[in-house]
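Me: I have a model to go through with you. Let us take it question by question.

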Amino acid sequence: MTTPEETLLVLTNLPDADTAKAVARQLVEQRLAACVNILAPCTSVYRWQDQVENAAEVPMLIKTTLLRYPALQAALTEAHPYELPEIIAIPLHKGLPAYLAWIGAETVEHLP
């Protein structure tokens with residue numbers, strides 16, 4: 001059974017909904033994530049290369065496990081169109097045990 005401490009919520013932003021859907025599908029198909037929520041577009045304000053920028057982005061909430069995080073980070077970095085993508089992993093402290101178990105079961109790497 002997956003415990004809260006073994007479960008991560010990973011945050012990232014993509015430039016548009018189509019890219020977000022493609023990346024989300026890839027992560028779930030590869031069992032790197034059990035579920036990805038694609039949120040409504042938002043406006044991000046940030047400093048990049050000494051300039052203050054504004055960009056429309058699509059946030060994603062990715063549910064995975066600590067065990068699968070290194071492979072998820074590698075796949076997300078490779079698929080991401082940004083030079084420096086935001087990839088932030090937040091450990092969970094609590095959660096519905098059955099849901100956490102589902103995340104663990106759906107992210108188990110299956111051999112062909």
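Me: Which backbone oxygen does the side chain of Thr12 reach, and at what distance?
Reply: The model is predicted. Thr12 is found in strand β1. Glu86 is among the residues that Thr12 touches beyond four places in sequence. The Thr12 side chain reaches the backbone oxygen of Glu86, at 2.5 Å.

Me: Which side chain is joined to that of Thr12 by a polar contact?
Reply: The contacts of Thr12 include Met60, Ile62, Leu76 and His80. A polar contact of 3.3 Å joins the Thr12 side chain to that of His80.

Me: Is Thr12 buried or exposed?
Reply: Buried means under 20% relative accessible area. Thr12 has a value of 1%, so Thr12 is buried.

Me: How far apart in space are Thr12 and Ile62, C-alpha to C-alpha?
Reply: In sequence, 50 residues separate the two. The C-alpha to C-alpha distance is 8.2 Å.

Me: Which elements each supply at least two residues of the largest nonpolar core?
Reply: That core has 18 residues. Val10, Leu27, Met60, Ile62, Leu72 and Leu76 have the most contacts inside it. The elements are β1 (7-14), α1 (17-29), β4 (51-65) and α2 (69-79).

Me: Which strand gives the largest share of the lining of the largest pocket?
Reply: The pocket has a volume of about 250 Å³. Its lining includes Ser44, Tyr46, Arg47 and Trp48, along with Glu86. The lining divides into four nonpolar, two polar and four charged residues. The largest share, four residues, comes from strand β3.

Conventions:
Residues numbered from 1 in each chain as written. Predicted model: local features only at pLDDT ≥ 70, side-chain atom pairs only at ≥ 80, totals over all residues. Heavy atoms only, no water. Core = buried A, V, L, I, M, F, W, Y, C linked by side-chain atoms within 4.5 Å. Buried < 20%, exposed > 50% of the residue type's maximum accessible area, 1.4 Å probe, protein only. 1 Å grid on protein atoms, 1.4 Å probe; cavity = no way out; pocket = protein on both sides within 12 Å on 5 of 7 lines; lining within 4 Å. Points joined across faces, edges and corners; volume = space filled by probe spheres on them. Nonpolar A, V, L, I, M, F, W, Y, C, P; charged D, E, K, R; others polar. Contact = heavy atoms within 4.5 Å. Polar contact = N/O pair within 3.5 Å; in protein donor to acceptor, adjacent residues only side chain to side chain.
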